[in-house]
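Hello,

Here is the structure we talked about. Please open it first, then read my notes on its pockets and on how its chains relate.

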Number of protein chains: 2
Amino acid sequence: MMGPSNHIYVGKKPVMSYAMSALIQLSQAGEVNIKARGLAISRAVDVAEIVTKRLGNGTFNVKNVNISTEQVKSTETGEMRNVSSIEILVGK
Amino acid sequence: MMGPSNHIYVGKKPVMSYAMSALIQLSQAGEVNIKARGLAISRAVDVAEIVTKRLGNGTFNVKNVNISTEQVKSTETGEMRNVSSIEILVGK
């Protein structure tokens, strides 16, 4: 089991800053759950691919990928809208 | 087994046009493989979520999600670069 602190939320920072955070968590916990919503989903896939293919020397693999839909309240209109999300579990 | 014609490549068209194509393929073949590269990955997840959650009346589910890296030749510089990709298999 992994605790909730093994999550990384991918947003608008450069891909490499998330890749570094992911590697740090992998070195400490052996697993990291890379999460993102909306347009950041593409970047989350980039992070997982960089950690498993380019960094980490082949030590880590993608263990599971889950996609789902989350309800998010619009800050402008206050209406609920559906946003796609992804969770990518990377481990040994 | 599904043939190669059950693939949908998600690009820059509106999400709903891909969702409709996916539903047509699902009604004919029972399965569809939704593929995308780079920034279109987020849209491919949207298509899969719309087909499984909002349309299709709960008939279809995400069966498998695969992420990988493809090498693409830049049209400007001619250099090879790495692009993340996703494949989402939707079926009954």
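The lining of the second largest pocket divides into seven nonpolar, eight polar and six charged residues. That is in a predicted model, so please read everything below as computed. This pocket holds about 270 Å³ of space. Its lining has 21 residues. Closest to the centre are A:Asn64, A:Val65, B:Asn64, B:Val65 and B:Asn66. Helix 2 and strand 3 of chain A each supply at least two lining residues, and so do helix 2 and strand 3 of chain B. Strand 3 of chain A gives the largest share, seven residues.

Now the largest pocket. About 1,200 Å³ of space lies in it. The lining counts 44 residues. Nearest the centre are A:Leu39, A:Ser42, B:Leu39, B:Ser42 and B:Arg43. By class, the lining has 16 charged, 15 nonpolar and 13 polar residues. Both chains contribute. From chain A, helix 2 (41-54), strand 3 (61-73) and strand 4 (80-91) each supply at least two residues.

Last, how do the chains relate?

Best wishes

Notes. Residues are numbered from 1 along each chain as its sequence is written. Chains are lettered from A and ligands numbered from 1 in the order in which they are written. This is a predicted model: local features need pLDDT of at least 70, side-chain atom pairs count only at pLDDT 80 or more; totals for chains, interfaces and linings use all residues. Side-chain values use heavy atoms; hydrogens and water are left out. On a 1 Å grid over the protein atoms alone, a cavity is a set of points where a 1.4 Å probe fits but cannot get out, and a pocket is an open set with protein on both sides within 12 Å along at least five of seven lines; lining residues have an atom within 4 Å of a point. Grid points are joined across faces, edges and corners, and a volume is the space filled by probe spheres set on the points. Helices (H or I, at least four residues) and strands (E, at least two) are DSSP runs, numbered from the N terminus. Ala, Val, Leu, Ile, Met, Phe, Trp, Tyr, Cys and Pro count as nonpolar, Asp, Glu, Lys and Arg as charged, and the others, Gly among them, as polar.
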